[in-house]
Amino acid sequence: MTDQGSGNVGVAQRPEVLPALCSDLKLALVLGERALYVNGDLQTARRWFDAAYRQAELCADPIGLARAALGLGGVWVHEHRTCAESERVRAVQRHALALLNPSSPLALRLRVRMRGEEDYRAGGHAAILPLLEQARDSGDPSAWAEALSLAHHCLLGPEHGATRLELARELIGQAAVTGRRGDLMMGLLWRTVDLYLAADPHAERALEELRGLLDEHDYLAAGYVVNAIDVMLAIRAGRFDEAEKSAGECFERGVVAGDMDATGWYGGQLGAIRWYQGRAAELLPVLSDLVSSPTLSPIDNSYPAGLALAAAVAGDRRLAAGHLARLRGRDLADLPRSSSWLASMYCVVETAHILQDAGTAARAYALLSPFADLPVIASLGVVCFGSVHHSLGMAALTTGDVERAVGRLRAAVQANLALGHWPAAALSRCRLGQALALRDGPRDETALAEQTAAAREARELGMALPAVVGRAVKADGPCRFRKHGRHWQVELGGRVAHVSHSVGMTHLATLVANPGHEILAADLAAGTWSRDSERASAQPVLDDLARDAYRERLAQLQAEIDDLEAMCDLERAAALRLEREWLVAELSAATGIGGRARPFAGSEERARIAVGKAIRRALSRIADADQAIGEELRTCVQTGLRCCYRPR
């Protein structure tokens with residue numbers, strides 16, 4: 001270095017210790033720069049640069065002060081998250097810069113770092129790009145490489161994809177000039193991230209190239225991002241258990257690397273997993289704490305947006321509306337176009353849909369339209385929520401433009417399949433089916449085919465699909481139960497729920513198929529009711545046909561119980577056992593000596609209890625799959641000695 005100081009730094013009070021301090025300063029700088037530029041170990045680098053700065057003050061060494069102050073900035077922007085830490089580092093850098101020759105390369109590097117930090121906090125890039133040109137003109141390789149990386153970090157909004165990719169390629173080339181391994185790793189990392197953000201089919205090739213270099217010699221800062229991308233890819237593949245485990249391991253690696261995003265990224269990964277599992281409401285307490293964390297980026301609105309969505313899913317409409325209003329502010333367009341902007345908008349659109357906030361949905365549609373072909377990826381590949389087409393489709397659905405919603409959601413299915421994002425594809429397919437049902441009616445074959453396919457995919461992935469929100473179940477729409485293997489498809493008012501088979505579902509199917517008809521609980525239990533064979537209390541309790549039906553049903557029940565117990569499905573086996581016990585008691589009560597039929601003796605009470613319990617369990621399962629259908633059926637289904645479905 002050839003920088004010249006322009007002022008007094010300080011004087012060591014004991015001259016005899018000055019040589020030792022200066023030796024320690026050199027060692028601290030060497031170790032700090034090795035940790036930062038060779039190993040990507042942000043935590044270790046900070047410790048050495050902190051020590052180097054204190055020693056440089058004692059040695060009255062302006063060059064040492066500047067190198068230490070520069071190193072404290074790290075490789076990312078805004079590495080010091082709390083206000084106190086951030087302001088301390090800014091003060092240190094300003095002080096060091098004031099002691100340098102303004103035209104020196106080291107002064108240029110400090111200015112690049114400081115302007116990059118200021119641009120990032122403001123959500124812009126007005127200062128860093130002119131300094132990048134100045135760094136290019138200076139011919140200093142280190143200043144040039146650092147300006148490229150910092151400029152890239154300030155251009156993470158979705159509108160800058162092509163520019164970012166050019167900067168990443170330039171940084172890879174510049175790394176050969178600086179000779180610093182960290183510059184090469186950061187260039188390759190930025191290129192990999194850019195390709196994923198652009199949904200480029202060659203992104204995985206770039207990831208493998210980067211992974212190969214990391215296997216040769218780890219660079220913790222880049223390795224942590226690669227780990228995060230691996231979590232994202234596991235979520236895309238629908239491997240939720242694996243993704244959740246990997247997210248925990250990724251968090252631990254982030255802590256070891258000293259990355260301040262470790263907590264926030266882990267929260268985002270867990271949020272994506274829970275969203276596709278239909279368990280977003282569980283995150284409400286965690287997000288309430290995380291949204292106030294000082295470690296979050298000042299321009300990251302994805303966590304307030306996620307909190308609004310979790311509150312909406314949990315049914316806390318007031319909390320959801322409050323956070324949505326804060327995000328919207330004077331104009332939704334004022335949200336900074338950061339690396340998390342698309343993820344924030346995804347949550348805004350989903351929340352607006354649940355709240356039926358058509359105004360917010362319409363504004364979001366206009367803002368997202370230019371980025372329709374991009375994936376919704378948060379930060380540097382931390383999580384992915386599929387294609388922007390999905391958010392556009394949901395926004396259109398909320399505003400009531402069903403025709404536009406169908407087109408966008410159909411495009412979302414194809415885009416998500418191209419991404420290999422199976423949960424997002426299933427979700428978009430489900431929403432497409434619902435939009436088609438709203439447009440063409442609940443019996444439309446295409447709508448039913450899409451919903452059936454979505455339900456099958458969701459079952460395979462362990463997902464829970466949402467229902468259409470804000471459109472009441474139409475009273476004049478027929479309710480239909482269709483059995484497919486061990487599952488039932490329940491259709492009502494343009495909505496579809498898929499529920500596993502149970503005795504109660506069979507009872508409900510009989511009631512729904514005969515609206516307005518009162519059916520004895522005993523007949524439902526025995527499966528013997530028909531419109532032509534209503535039993536009267538004056539008749540024998542069981543005639544020959546009924547007894548045969550009871551015995552046949554007993555044999556069938558025992559076989560089903562054996563199968564369920566073999567599959568360890570004890571809950572459903574217990575429900576069937578209750579019905580079997582009632583049938584045994586009914587046969588015993590109805591059959592006299594020699595198997596003769598006994599006259600009616602008022603034993604319907606046992607049937608009333610067993611059938612009522614089975615129907616209520618089935619209604620709860622339907623409500624879990626689709627709350628609106630479940631609530632409507634609860635209102636219309638009457639249980640007791642006589643059961644009936646009376647549609648409104």
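Which backbone oxygen lies 2.8 Å from a polar atom of the side chain of Arg164? The backbone oxygen of Gly157 does. The views below come from a predicted model, in which local features need pLDDT of at least 70, side-chain atom pairs count only at pLDDT 80 or more, and totals for chains, interfaces and linings use all residues. Residues are numbered from 1 along each chain as its sequence is written, and side-chain values use heavy atoms, with hydrogens and water left out.

View 1. Arg164 belongs to helix α8, residues 161–178; helices (H or I, at least four residues) and strands (E, at least two) are DSSP runs, numbered from the N terminus. With a relative accessible area of 4%, Arg164 is buried (buried means under 20% relative accessible area, exposed over 50%, partly exposed in between, with a 1.4 Å probe and protein chains only). Leaving aside neighbours within four places in sequence, Arg164 is in contact (heavy atoms within 4.5 Å) with His152, Leu155, Leu156, Gly157, Asp194 and Leu197.

**View 2. Leu155 in the loop between α7 and α8.** Leu155 is buried, at a relative accessible area of 1%. Not counting residues up to four places away in sequence, Leu155 touches His125, Leu129, His160, Thr163, Arg164 and Leu167. The C-alpha atoms of Leu155 and Asp119 are separated by 9.7 Å, and these two residues are 36 residues apart along the chain.

**View 3. The largest cavity.** On a 1 Å grid over the protein atoms alone, a cavity is a set of points where a 1.4 Å probe fits but cannot get out, and lining residues have an atom within 4 Å of a point. Searching the whole structure gives 6 cavities of 30 Å³ or more. The largest has a volume of about 200 Å³, a volume being the space filled by probe spheres set on the points, which are joined across faces, edges and corners. Its lining has 15 residues, and Tyr37, Gly74, Val75, Glu146 and Ser149 lie nearest the centre. Helices α1 (18–37), α7 (141–153) and α9 (181–197) each supply at least two lining residues, and the largest share, 4 residues, comes from α7. By class, this lining divides into 9 nonpolar, 3 polar and 3 charged residues (Ala, Val, Leu, Ile, Met, Phe, Trp, Tyr, Cys and Pro count as nonpolar, Asp, Glu, Lys and Arg as charged, and the others, Gly among them, as polar).

**View 4. The second largest cavity.** This cavity has a volume of about 130 Å³. Among its 13 lining residues, Val89, Arg90, Gln93, Glu117 and Arg121 lie nearest the centre. Two or more lining residues come from each of α4 (83–98) and α5 (105–122), with α4 giving the largest share, 5 residues. The lining holds 2 nonpolar, 5 polar and 6 charged residues.

**View 5. Two loop residues with positive phi.** Ala199, which is not a glycine, has a positive phi of about 60 degrees. Ala199 sits in the loop between α9 and α10 (203–216) and is partly exposed, with a relative accessible area of 33%. Gln356 also has a positive phi, near 55 degrees, and is found in the loop between α17 (341–355) and α18 (358–368). At 32% relative accessibility, Gln356 counts as partly exposed.

Notes. On a 1 Å grid over the protein atoms alone, a cavity is a set of points where a 1.4 Å probe fits but cannot get out, and a pocket is an open set with protein on both sides within 12 Å along at least five of seven lines; lining residues have an atom within 4 Å of a point. A polar contact is a pair of N or O atoms within 3.5 Å; within protein, one must be able to donate a hydrogen and the other to accept it, and residues adjacent in sequence count only if both atoms are side-chain atoms.
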